Amino acid sequence: MRGQPTTFWAKLERDDQGIVSTWHPLRDHCADVAVVVETLLRLPLWRNRLSRLAGLVDLDEITRARLCVLAALHDVGKFNLGFQAKGLPALGQPAGHVTPALAAVTEGYLNKRLASLAPWGPGTLGLLVTSICHHGRPFGARFDAGSCREPFRRSFWSPRLGFNPANGIDALLTTCQDWFPQAFTDDGPALPTAPAFEHAFAGLVMLADWLGSNVDYFPFTEQGDPDRIAASRERAERIAHKMWLSVGLGMRSPDGPEVDPFDRISAFTPTDAQRAVCSLHNSGGGSIAVFESETGSGKTEAALAHFVRLFTQTQVDGLYFALPTRTSATQMFERVRHAVRRAFTQPPPVALAVPGYLKIDEVSGSRLPDFRVQWPDVDRFR
């Protein structure tokens, strides 16, 4: 949108004079993030891992829809007028959006506004807080009255100059019923309560917010644009494929699992130990393989062959090497690139990510000058 915000906003840009020039409606940003979560939860490996952490055979459709709603609520704190004042100074004192939202939870303000989520079970509050804390820093407060590190400021949530946070939250929740109707059915299991599941959901929302905040992927809404949710769903599908988060069968090599995995990554004859790795039984339920051998005995190639086998069989989507030094990482990068180019008709990207280096295949990157988040809440974490 062009000009000054006319309703609740989530993102904005300023011109050279510091004046707001474009802005993105909060409702639409919530849609962007929610559909990324929706897309990732449809991927078998992602869903299976979350299911295991929840102690379930599979996350049913109702549970997945409810997680999407909680992801849509990740920026519910931006309805507070302190945050909105960052784009509209007439609204008063500026503020962040994470700790004010947590204060609103502990005070009970948000709980009342989101009372329709209560039938989803006792795990709902923890997952809501997890979603709110999507900037990567957990909060160690007990979520009962008066326990939040920041006091609840009613002025942030009181109507002013045509902005009513309560109405904004109610409208977003009503819209979520249109976006994810299955979430609001009368039946369905209670949401998971396992701490490991909350931890994984935190990572899922963080990734979704990172992708949903990228204007190259999800450009700001323009006046006259079609329905946002439909367009966002199409974008999320494209991005998941582009980033190799969604790995289709055609991206796993047409050679098929019958081709010897070691032959696909190397021209050398495998050792007995390497052949043993390539013949490990794969039950499809996940496993841990430990390969110990002397330096130079081919452990890297054994790991790559094992990955190629599992990747072709759709058991894994990726591989990473954790190495102790930058030198060993840069050397390993070229070895992995060579093996991947040999193994796949459509090679997956190989990334080097160590301090001081950022490279994906043949493309090198660098930290942007004067890089910073737009509105850090760092001072509020103390």
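Colleague: Quick one to start: does Q274 count as buried or exposed?

Modeller: Q274 counts as buried, because its relative accessibility is 5%, where buried means under 20% relative accessible area, exposed means over 50%, and partly exposed lies in between, with a 1.4 Å probe and protein chains only. Please keep in mind that this is a predicted model, in which local features need pLDDT of at least 70 and side-chain atom pairs count only at pLDDT 80 or more, whereas totals for chains, interfaces and linings use all residues. Residues are numbered from 1 along each chain as its sequence is written, and side-chain values use heavy atoms, with hydrogens and water left out.

Colleague: Which helix does Q274 lie in?

Modeller: Q274 lies in helix α12, residues 272-278; helices here are DSSP runs of H or I with at least four residues, strands are E runs of at least two, and both are numbered from the N terminus.

Colleague: And what does the side chain of Q274 reach?

Modeller: The side chain of Q274 reaches the backbone oxygen of G298 at 3.0 Å, and one of its polar atoms lies 2.9 Å from the backbone nitrogen of T271. Both are polar contacts, that is, pairs of N or O atoms within 3.5 Å; within protein, one atom must be able to donate a hydrogen and the other to accept it, and residues adjacent in sequence count only if both atoms are side-chain atoms. If contact is taken as heavy atoms within 4.5 Å, and neighbours within four places in sequence are left aside, Q274 is in contact with F262, T269, S297, G298, E301 and A302.

Colleague: F262 again, then; which core includes F262?

Modeller: A nonpolar core is a set of buried Ala, Val, Leu, Ile, Met, Phe, Trp, Tyr and Cys residues joined through side-chain atoms within 4.5 Å, and the largest has 73 residues, among which L110 and I132 touch the most other members. Helix α1 (residues 26-41) gives the largest share of this core, 10 residues. F262 belongs to a second, separate core of 24 residues, which also includes M332, L352 and V354.

Colleague: What does L110 touch?

Modeller: Not counting residues up to four places away in sequence, L110 touches V76, A101, A104, V105, I132 and I169.

Colleague: Changing topic, how many disulfides does the structure hold?

Modeller: The structure holds zero disulfides, a disulfide being a pair of cysteine sulfur atoms within 2.5 Å. For C68, the closest cysteine sulfur is that of C176, and at 9.6 Å it is too far for a bond.

Colleague: Is C68 buried or exposed?

Modeller: C68 is buried, with a relative accessible area of 3%, and C68 is one of the buried residues of helix α3.

Colleague: How many of the residues of α3 are buried?

Modeller: In α3, 11 of the 12 residues are buried, so this helix is largely enclosed by the rest of the structure. What covers those buried residues includes α1, α2 (44-54), α7 (123-132), α8 (165-179) and α9. At the start of α3, a side-chain oxygen of D60 reaches to within 3.0 Å of the backbone nitrogen of I62.

Colleague: You mentioned α9; where is H199 found?

Modeller: H199 is found in helix α9, residues 195-212, and it counts as exposed, at 65% relative accessibility. The C-alpha atoms of H199 and L50 are separated by 10.0 Å, although the two residues are 149 residues apart along the chain. L50 is one of the buried residues of α2, and the buried residues of α2 pack against α1, α3 and α9.
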